[in-house]
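These are my notebook entries on a single chain.

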Amino acid sequence: MKQLVLILLLGASLLAQAAEPLRLQDSIEAMGTTYIVVAYSEDEETLDRGMQAAFAEVSRLDRMLSNYRPESEWSKVNREAAKGPVPVSAELFALLEYCRDVNRRSEGTFDVSVGPLMRVWGFFRGTGRLPSGREVADALRKVGFGSVELDAARRTVRFLKPGMELDPGGIGKGYAVDRMIGRLKDAGIQSAMISAGASSIYGL
């Protein structure tokens, strides 16, 4: 009887070990920050497929949203929208419409047009500095999403004030993580954690 119980316990232990999911962790640099993905699945192929899909997605968004890339759509808007309407992709336009909606609902608290302030404080490249009161006042005159004109019919963006600059920091990382989570789910991964930057953690 004791031998039978021992065999049953050993069998249960082996089953528990077999059911334990595999774990894969990897990271990628995009949009000025580090994305760390920890994913779990029962087979290695699913993990590899999911990780590759998630990284491909954040790399795609880096090419669209990063203000660290002069060739990105976001950078093109910042360079040219004060001169006239800039045509953008449907995805970027929808994201800017969402930014406008949140800006209105938050009564201006959320505002991606803070680019001039980010630069004057040295936050854009992480250098950091204490600007003068005059510098801050000058930057504030260039801030305000109410001066960003979105034309849905033409799908264009235009700045109504010179010197305006959109900063994706308030929306880009969260949007990218949402899209990465979608790619992980599509690959069949049911459990994962993504950290973007020093303190942002998202799970599924």
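**Entry 1: confidence.** I took pLDDT as the predictor's confidence in each residue, on a scale from 0 to 100. The mean pLDDT of the chain is 88, and 86% of its residues reach 70 or more. Where pLDDT is low, the predicted coordinates should not be read in detail.

**Entry 2: ground rules.** The model is predicted, and I kept to its conventions: local features need pLDDT of at least 70, side-chain atom pairs count only at pLDDT 80 or more, and totals for chains, interfaces and linings use all residues. Residues are numbered from 1 along each chain as its sequence is written, and side-chain values use heavy atoms, with hydrogens and water left out.

**Entry 3: the chain as a whole.** I looked up the secondary structure and found 7 helices and 7 strands. These are DSSP runs numbered from the N terminus, a helix being H or I over at least four residues and a strand being E over at least two. Along the sequence the pattern reads α-β-β-α-α-β-α-α-α-β-β-α-β-β. Of the 204 residues in the chain, 40% are buried; buried means under 20% relative accessible area, exposed over 50%, and partly exposed in between (1.4 Å probe, protein chains only). I also noted that, among contacts between residues at least 6 apart in sequence, 56% join residues at least 24 apart.

**Entry 4: the sheet.** In which order do the strands of the open sheet lie? The 3 strands run E3-E5-E4, with antiparallel pairing. Strand E3 (86-87) and strand E4 (148-151) each have a single partner strand and stand at the edges, so one side of each has no neighbour in the sheet. Two strands pair if DSSP finds at least two bridges between them. I read 4 bridges between E4 and strand E5 (residues 156-159), and 2 bridges between E3 and E5.

I then followed individual partners. Val-157 in E5 is the bridge partner of Leu-150 and also of Val-86. Phe-159 in E5 stands opposite Val-148. The hairpin of E4 and E5 has 4 residues between the strands, and Arg-155 there takes a positive phi near 55°. Helix H4 (residues 90-105) lies across E4 and E5, at about 130° to E4; axes are lines fitted to C-alpha atoms, for helices over the stretch in contact, and angles run from 0 to 180 degrees between N-to-C directions.

**Entry 5: Ser-66.** Is Ser-66 buried or exposed? Ser-66 has a relative accessible area of 3% and is therefore buried. Ser-66 is placed in the loop between helix H2 (44-65) and helix H3 (73-80). Leaving out residues up to four places away in sequence, I listed its contacts as Met-31, Leu-61, Ser-72, Trp-74 and Ser-75. A polar atom of the Ser-66 side chain lies 3.0 Å from the backbone nitrogen of Tyr-68.

**Entry 6: Val-120.** Val-120 belongs to helix H5 (residues 115-120). Its relative accessibility is 12%, so Val-120 counts as buried. What does Val-120 touch, not counting residues up to four places away in sequence? I found Arg-129, Pro-131, Glu-135 and Ala-139. Ser-132 is 12 residues from Val-120 along the chain, and their C-alpha atoms are separated by 9.0 Å.

Key
Contact = heavy atoms within 4.5 Å. Polar contact = N/O pair within 3.5 Å; in protein donor to acceptor, adjacent residues only side chain to side chain.
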